[in-house]
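Here is my note on the model you sent. Please keep the structure open while you read.

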Amino acid sequence: MIGKLNHVGVATPSIDESIKLYRDLLGATSITEKRSMAEQGVSFVFVNLPNSQIELIEPYGENSPIHGFLAKNPKGGQHHVCFEVEDIYAARDEMKAKGATVLGEPRIGAHGTLIVFVHPKDMGGVLVELMETPKAGEGAH
Ligand code: CO
């Protein structure tokens, strides 16, 4: 079921400050414009790498789920990993059938395709995002 690693999510109190690390310290040359998803409470950019992406996320709005993470990790840190799946509903159903806690219903994520999150308590402490693989010509890579 599990497909490509699409991205690693990194929470930060400041995307602008984190961009400096990836651009100036690590030498990343391709970073997307900052965008926000109000309904998910995050602003984000993608640092494009040859084989994957880093998703930098910072809180957007007072009810952002990132506030709690940053309360525990004030400097930010690794927040989730995102794997591609062919069919988000089939993946959701399979995860549930195997006893995992799927958080919410499939919804449109930062790449414009459907995503769900799987609770870290069922994944050895790792918050997992499952994302439907963008069809050819679709998605914001
Ligand atoms: Co993500």
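The points below cover the metal site and the strands around it.

1. First, the ground rules. This is a predicted model, in which local features need pLDDT of at least 70, side-chain atom pairs count only at pLDDT 80 or more, and totals for chains, interfaces and linings use all residues. Residues are numbered from 1 along each chain as its sequence is written, and side-chain values use heavy atoms, with hydrogens and water left out.

2. Which residues hold the cobalt ion? The protein donors are His-7 (NE2), Glu-55 (OE), His-80 (NE2) and Glu-129 (OE), at 2.0 to 2.2 Å. Donors are N, O and S atoms within 2.8 Å of the metal (3.2 Å for Na, K and Ca); water is not among the atoms, so sites may look incomplete. Along the chain the spacing reads H-x47-E-x24-H-x48-E.

3. His-7 lies in strand 1 (residues 5-11) and Glu-129 in strand 8 (residues 128-132). The two are 122 residues apart, so the pair links distant parts of the chain. Strands here are DSSP runs (E, at least two residues), numbered from the N terminus.

4. Are these two buried or exposed? His-7 is buried, at 1% relative accessible area. Glu-129 is buried too, at 4%. Buried means under 20% relative accessible area, exposed over 50%, and partly exposed in between (1.4 Å probe, protein chains only).

5. Now strand 5 (residues 77-85): seven of its nine residues are buried. Strand 5 pairs with strand 1 in the antiparallel sense over six bridges. Strand 5 pairs with strand 8 in the parallel sense over five bridges. Two strands pair if DSSP finds at least two bridges between them.

Methods: Helix = DSSP H or I, 4+ residues; strand = E, 2+ residues; numbered from the N terminus.
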